[in-house]
Amino acid sequence: MKLIFTVICTLLSLVIILDFSIASAPITEEVVAVSATRESHNNAGGNSHFSFKARTENHHFSVSEGFAGSLAKADEVKLSYTPIFNEVNTVRITETGESEIFSLRLLSGLILPLLILIVLAIGYKFGSKWSNVVFVFEVLAFADFVYLLN
């Protein structure tokens, strides 16, 4: 049963990496809106931050603060999105040529699945010594998959 779970997590990670790597041909769309949302956290520090999202007629996606400042309504952008999960990988402003891959997209689509594959390979080699770490990364694989489905 453990081996089946590990194989499923390995396949999920490979599918996520493949989806991130094979992007669609860029499509050009017009920016409809750029929004900033203040998100506060109920903790002792009372921390908060802003999340920036851009929206076109067919897609909405997160962008960094600096890139959001460069985007304006009615700007044309070239979007490259993934075939399986329909996530926007790359955004390029056609007028200026400035482009971005949002950091959370890079983390969930490439870095985390690669790290999961590395830990699963180490866990397979060293067996029960790494069983707790492997389990945590298997859960991360499923969480990443659910995040991308959402």
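Biologist: Which residues does F67 touch, and what makes them contacts?

Modeller: Leaving out residues up to four places away in sequence, F67 touches V91, I93, E98, S99 and E100. Contact means heavy atoms within 4.5 Å. Bear in mind that this is a predicted model, where local features need pLDDT of at least 70, side-chain atom pairs count only at pLDDT 80 or more, and totals for chains, interfaces and linings use all residues. Residues are numbered from 1 along each chain as its sequence is written, and side-chain values use heavy atoms, with hydrogens and water left out.

Biologist: Which residues touch the most other members of the largest nonpolar core?

Modeller: Among its 13 residues, those are F61, V63, F67, L71, V77, L79 and V91. A nonpolar core is a set of buried Ala, Val, Leu, Ile, Met, Phe, Trp, Tyr and Cys residues joined through side-chain atoms within 4.5 Å. A second, separate core of eight residues includes C9, L112, I116 and A141.

Biologist: Why is the pair D19 and R105 called a salt bridge?

Modeller: The term asks for a side-chain nitrogen of Lys or Arg within 4 Å of a carboxyl oxygen of Asp or Glu. The closest N and O atoms of D19 and R105 are 3.8 Å apart, so the pair qualifies. The structure holds one salt bridge.

Biologist: Why does D19 count as buried?

Modeller: Buried means under 20% relative accessible area, exposed over 50%, partly exposed in between (1.4 Å probe, protein chains only). D19 has 0% relative accessibility, so D19 counts as buried; R105, at 5%, counts as buried too.
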